[in-house]
Amino acid sequence: MKKGTLKQILLLTDGCSNQGEDPVAMAALAKEQGITVNVIGIVDGNVIDQDAVSEIEGMAMAGNGVSQIVYSHQLSQTVQMVTRTAMTQTLQGVVNRELQQILGKKASLEELPPEKRGEVMEVVDELGETVNLEILILVDTSASMAPKLPTVKEALIDLSISLKSRIGKNQFALFVFPGKKGEVENILDWTPNLDSLSSIFPKLTTGGITPTGPAIREAIDKFKQKRSLRSFMLDDEYFDEQQL
């Protein structure tokens, strides 16, 4: 099995989208592009709106990801758990597809004998440590998120630190929605760590709208740009080799 790269969108929000495309449809589109959509709903003292809960769960389901509703003080552990769980879930899906190619369409990890299942899970765990990981983080900066942003910042820095022990390469990018001049704003381009968030987050402004669908669409486009750039560089390398 090739090592490859796992692509995740990590969406942090405290409410329901109210502008732009249907976020569940956008999450399904991300899945078609090989991108997992994980969603964390952040609650403070108030109970989160049931429509928001349905949307959060719907986005994760459509995006083949993980969803979780948490209080702010639990956010750091939850961000790490959701990221790891989604990695394992994705890798198990890859393993199941490999098993079906070898053993037939009805084969799955759960149907293997216990000892074989254990061996396969060891491979999944190892891949989880060695596979390259690209996480594009989408942070809701609508008005109600203002008091939660310091906690979000700490949770994301903790995530970056927790993943440093992995052998595989980690890359993070960060979008906020709404942005200063539009529905979505790219405030951090691809980077192996999130230390710079300490200087970025205090400068963020919060607004009233929640354009979640457009934010996911922009995230998909960002992954496409990265893939196009990688292909261009590989083509250049190939061309250079031919000239030698």
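## Helix α2 over the sheet

Helix α2 (residues 50–62) lies across β1 (5–13), β2 and β3. The helix runs at about 160 degrees to β2. Contact here means heavy atoms within 4.5 Å. Axes are lines fitted to C-alpha atoms, for helices over the stretch in contact, and angles run from 0 to 180 degrees between N-to-C directions. Helices (H or I, at least four residues) and strands (E, at least two) are DSSP runs, numbered from the N terminus.

This is a predicted model: local features need pLDDT of at least 70, side-chain atom pairs count only at pLDDT 80 or more, and totals for chains, interfaces and linings use all residues. Residues are numbered from 1 along each chain as its sequence is written, and side-chain values use heavy atoms, with hydrogens and water left out.

## The sheet

Six strands form an open sheet with mixed pairing. Their order is β3-β2-β1-β4-β5-β6. β3 (67–71) and β6 stand at the edges with a single partner strand each, so one side of each has no neighbour in the sheet. The twist averages 15 degrees from one strand to the next.

Strand β2 (residues 35–43) runs parallel to β3, and five bridges join them. Two strands pair if DSSP finds at least two bridges between them. Val 43 stands opposite Tyr 71 in β3.

## The aromatic pair

The whole structure holds one aromatic pair. Trp 190 and Phe 223 form this tilted pair, 5.5 Å centre to centre with 55 degrees between the planes. Trp 190 lies in strand β6 (residues 185–191) and Phe 223 in helix α7 (residues 212–243), so the pair ties together parts 33 residues apart in sequence.

Rings of Phe, Tyr and Trp (its six-membered ring) pair if their centres lie within 6.5 Å; planes under 30 degrees apart count as stacked, over 60 as edge-to-face and the rest as tilted. Both Trp 190 and Phe 223 are buried (under 20% relative accessible area, with exposed over 50% and partly exposed in between; 1.4 Å probe, protein chains only).
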